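Student: Could you take me through a structure with a ligand and show me how such features are read?
Tutor: Gladly; let us look at it together.

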Amino acid sequence: MNYRHLGRSGLKVSELSFGSWVTFSTQVDVDSAAECMAAAYEQGVNFFDNAEVYAGGQSEEVMGAALRKLGWRRSSYLVSTKFYWGINQGPNEENTLSRKRLIEGLQGSLKRFGLDYVDLVFCHRPDPTTPVEETVRAMHSLIEWGQALYWGTSEWSAAEIVAAIEIAEKHHLHRPVMEQPQYNLLVRERVEKEYARVFRDYGYGATTWSPLASGLLTGKYNNGIPADSRGALKGYEWLQGDLTRPESIGRVRALEPLAAELGCTLAQLAIAWCLKNPDVSTVITGASRVSQVRENMGAEAVAGALTPQVLARIDEILGNNPNKGN
Ligand SMILES: NC(=O)c1ccc[n+]([C@@H]2O[C@H](COP(=O)([O-])OP(=O)(O)OC[C@H]3O[C@@H](n4cnc5c(N)ncnc54)[C@H](OP(=O)(O)O)[C@@H]3O)[C@@H](O)[C@H]2O)c1
């Protein structure tokens with residue numbers, strides 16, 4: 001496993017990491033979570049991503065119980081959580097990045113994880129109704145108190161990220177160091193275009209999500225929605241349109257001969273492609289079973305075969321013009 005610095009911070013993250021969205025608690029119990037995490041850790045994964053809102057807090061509980069079961073040294077892994085939507089109703093408990101919410105939110109997460117601190121804490125979405133300075137100061141406090149070690153953003157605009165960094169620098173506060181954006185063969189624009197200046201000028205890191213577009217890029221949805229897939233889960237019907245869009249399926253099918261030529265699976269090709277972007281600090285993978293974790297970790301070895309010529313062929317196959325964005 002290769003390790004990359006999280007932006008210009010001193011922290012090193014495995015270039016492939018593992019997240020719990022959808023899966024933990026809903027598809028995966030504590031024992032299976034521990035098995036999946038162990039399969040990733042054995043391959044060198046050191047970062048496990050989570051969020052308060054995943055399964056209404058139960059994803060943090062499952063990960064915490066799995067970590068206790070696994071008994072790893074605390075210094076050997078990184079855990080994250082994220083705040084924005086909240087898990088309770090009330091004027092100060094939903095859709096906010098206020099000081100009260102962030103501080104109370106992290107207290108709840110630490111309790112559910114059974115941890116003294118998280119390594120990374122993210123603002124899961126921007127909150128235009130709270131002054132950015134209030135959010136920056138709350139994140140600074142959490143870091144000063146040792147409850148979190150680094151903080152970052154998720155799906156903020158480049159302008160919002162720069163505003164937070166500049167406020168932090170002006171007041172000598174801990175600044176955000178990483179963004180968590182979606183990035184995969186079908187969703188590239190924000191990472192490659194909008195954030196380019198944030199990576200270049202501020203050394204921002206990126207922990208990217210949905211490298212398989214929720215599984216679409218494995219080819220598993222080419223002939224409809226399999227009964228044992230994310231697309232068939234109750235509560236995730238909203239994903240079905242994206243997972244079965246004929247244009248996307250056509251692009252996935254068009255990649256199949258290249259994966260065969262490279263001797264890898266479509267999932268490995270899609271994840272390896274994300275690794276080729278040097279602005280990506282870590283690609284957060286997801287899996288509902290150990291066999292998927294093992295297959296996905298194989299992407300490390302495939303990345304070496306993605307030469308500039310192969311990357312250009314991928315753009316051609318997908319109909320992407322990298323100079324135009326898509
Ligand atoms: N910050 C944010 O807003 C945000 C948003 C989304 C995700 N994330 C983070 O990013 C992580 C990864 O996102 P994601 O789960 O959407 O990743 P993904 O790689 O796009 O999708 C993972 C899902 O695809 C299927 N899959 C994975 N590997 C497979 C394989 N080899 N063969 C067949 N199917 C396979 C599995 O679902 P089934 O087996 O159920 O079909 C798995 O749960 C999340 O866990 C979370 O930590 C963050």
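The dialogue below turns to the ligand and then to one residue of the backbone.

Tutor: This is a predicted model, in which local features need pLDDT of at least 70 and side-chain atom pairs count only at pLDDT 80 or more, while totals for chains, interfaces and linings use all residues. Residues are numbered from 1 along each chain as its sequence is written, and side-chain values use heavy atoms, with hydrogens and water left out.

Student: How many residues surround the ligand, and which are the closest?

Tutor: A residue is near a molecule if one of its heavy atoms lies within 4 Å of it. Here 34 residues surround the ligand, and Asp49, Ser210, Lys220, Arg230 and Ser288 are the closest. Helix 11 gives the most to this shell, with 3 residues (helices are DSSP runs of H or I, at least four residues, numbered from the N terminus).

Student: Is Glu155 buried or exposed?

Tutor: Buried means under 20% relative accessible area, exposed over 50%, and partly exposed in between, with a 1.4 Å probe and protein chains only. Glu155 counts as buried, at 16% relative accessibility, and its phi is near 60°, a positive value in a residue other than glycine.

Terms used: Helix = DSSP H or I, 4+ residues; strand = E, 2+ residues; numbered from the N terminus.
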